[in-house]
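Reader: Before I use the labels in this model, I would like to see what each of them rests on. Could we go through them together?

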Amino acid sequence: MAEAILDTSREARAGSSRPAAVIRARGLSKTFGGGRIVALKEADFEVRRGEFISLVGPSGCGKSTLLRIVAGLLDHSGGTLELHGSPVTGPRNDVAMMFQKPTLLPWRTAVENVLLPAEIAGKVGPAERKRALDLLGMTGLREFAFSFPSQLSGGMQQRVALARLLQTGADLLMLDEPFGALDEFTREHLNVELARITQEVGATVLFVTHNIGEAIFLADRVFVMTPRPGQIAKIIDVPLPRPRDPSIQVTPEFNALVAQVRSTLGGH
Amino acid sequence: MTDVVDLAPVQAGASRERSWLNHAAIFLGLMLLWEGSSHLGWLDPLFFPRPSDILVGFWRLYITQGNIWGHLGLTMAEVLAGFAAGSLLGIALALVVGMSDRIRRYMKPYVVVLEATPRIAIGPVIIAAFGFGWTSKVVIVMLVCFFAPFVNTLNGMVNADRDQLEMMRSMGASKWQVFCKLMLPDAMPEIMGGLRLAMASALGGALVAEFIASNAGMGLLINQYTGVLNMASAFVCVLTLTGLGFAIMWAMEAVDRRIVFWNDRESTAEVSKRLALAWAHRNGDLA
């Protein structure tokens, strides 16, 4: 399934028990206003293929900045950043981004919105159309393929955005609080779906949130970020088994992790 | 007030029929009052022709003399040609100007000055330059129709959603793709609003231009009839223009609903259904 959905053939899979790092940052930093405002201070990290990383922290901690730099939407001011071994110079087709707002085009049906990345790449054929419908099926919206965004609920709109994200074929997915504007129940439901889908397609994910529980529930590792200056204060491993059921959020192991994140954030 | 609103849907069918009858009755009553007061000498039929005279006038202008057709056709042609030329020019110029902040900055003073100038004041100048015929009228309608589409298109272009722009950029869209797939459709509701405003003033512009000086058209016809105090015929012309105004408004609304369908719940549902069928037809095996 992973091979069918995403092009992960860029690197050799055979002969390596530990997946290679697909994102490599060394001293990555971003300043605004001629160096006066430090939005991100010297981030060092590696992300392995298929990993789910949550970036959690209060506003102003640089988590969205970090995400936009990896997505190529922002230049970095210092350090190095490599994706699949090549430096980032702008938006590229192995990285895709999803926003808090669904950012669907209201004059396009769900399936037409999902096809947008293919259109921009200049290739829309029967194969792409079929895949768009398949992806809508995967996000549970097959029968709403021809509905317009205004006919869909907020949660359904984000599912369309998720299908569009996967249609890009990118294997590095940058998610900027994608369900932050939805109600608690819809959000929890979509988080479970997101975990299932990203695992199914073998994507590597950076997920920004300010909700500690959500961050831990989804992640293999949590990057805890603190503001002034924005930096990665601590990286916490989440050794909980997958697939995870929402009920793990009341286990002692889970609560210990929450406490660990809180104490890191509280120190600042 | 609220209970009236609450009851409305339940009695919609019956009450709509009744209100139609009421409207017809009131209208007929007013006409009879008008006719009667003219016969009784309360209204001077020289300036306020009787409804019966106006009806006879319709028959005369449209059937027996048939002289209104040519003038009506000419005025409509002026309106359509001037509207098409003016709004296309306005939209095209706005698209060019909207592309660059610098052009927009340098253009702005001229736009402000031109916008402050009453377009109709240039009317006599245009007629002096282009003559009494239809050319000068088309140019005047063009001027009248230029601004609303220009300003609205420019606004629509500048107001594109920041997140959507970023989304397009993250997919590696070129400037041209961003324009075609995001900016232009996004500006469409505003552009259509501009076109509706332009169309609403186009007919008035053509008539005033014909009042100033012309050798044909509805404006000339009204001038001629009032000049010889043939008020019944003048009223026929005015009522004809009322009808034309309605037709134009109705047509623009229909076009608007078709183009900017996503702002209208019913049209959206309709288009959704149509697209589903079209898709199933094209890729029978997929859908």
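Author: Two strands pair if DSSP finds at least two bridges between them, and strands (E, at least two residues) and helices (H or I, at least four) are DSSP runs, numbered from the N terminus. The model is a predicted one, in which local features need pLDDT of at least 70 and side-chain atom pairs count only at pLDDT 80 or more, while totals for chains, interfaces and linings use all residues. Residues are numbered from 1 along each chain as its sequence is written, and chains are lettered from A, with ligands numbered from 1, in the order in which they are written.

Reader: What is the order of the four strands in the open sheet of chain A, and which are its edge strands?

Author: The order is S2-S1-S4-S5, with antiparallel pairing. Strand S2 (37-48) and strand S5 (86-87) of chain A are called edge strands because each pairs on one side only.

Reader: How do you know that S4(A) and S5(A) pair?

Author: DSSP must find at least two bridges, and strand S4 (residues 78-83) has two with S5(A), in the antiparallel sense; A:Leu83 stands opposite A:Ser86 there.

Reader: What makes the pairing of the six-stranded sheet mixed?

Author: That open sheet of chain A has the order S6-S7-S8-S3-S9-S10. Strand S3 (residues 52-56) and strand S8 (residues 204-209) run parallel and are joined by five bridges, with A:Phe52 and A:Val205 as bridge partners, whereas strand S9 (residues 221-226) and strand S10 (residues 231-237) run antiparallel and are joined by six. In the latter pair A:Val222 stands opposite A:Ile236, and in the hairpin, with four residues between the strands, A:Arg228 takes a positive phi near 50°.

Reader: Why are H8(B) and H10(B) called roughly antiparallel?

Author: Two packed helices are described by the angle between their axes and the distance between the axes. The axes are lines fitted to C-alpha atoms, for helices over the stretch in contact, and angles run from 0 to 180 degrees between N-to-C directions; under 35 degrees counts as roughly parallel, over 145 as roughly antiparallel, 65 to 115 as roughly perpendicular and the rest as oblique. Helix H8 (residues 175-212) and helix H10 (residues 231-259) of chain B pack at about 170°, with their axes 10 Å apart, and that angle makes H8(B) roughly antiparallel to H10(B).

Reader: Which residues of H8(B) and H10(B) meet?

Author: Contact requires C-beta atoms, placed from the backbone, to lie within 7 Å. Among the residues that meet are B:Met188, B:Met192 and B:Leu195 in H8(B), and B:Leu241, B:Leu244 and B:Ile248 in H10(B).

Reader: What makes chain B more spread out than a compact globule?

Author: The radius of gyration is taken over C-alpha atoms, and the globule rule is 2.2 Å times the number of residues to the power 0.38. For 287 residues the rule gives 19 Å, and the 25 Å of chain B is well over that, so chain B is more spread out than a compact globule. Along its principal axes the C-alpha trace spans about 80 × 60 × 45 Å, and chain B has 11 helices and zero strands.

Reader: How many residues does each chain bring to the contact between chains A and B?

Author: Chain A brings 25 residues and chain B 20. On the side of chain A, strand S6 (95-98), helix H4 (116-120) and helix H5 (126-138) each supply at least two, and H5(A) gives the most, with four.

Key
Two residues are in contact if their C-beta atoms, placed from the backbone, lie within 7 Å.
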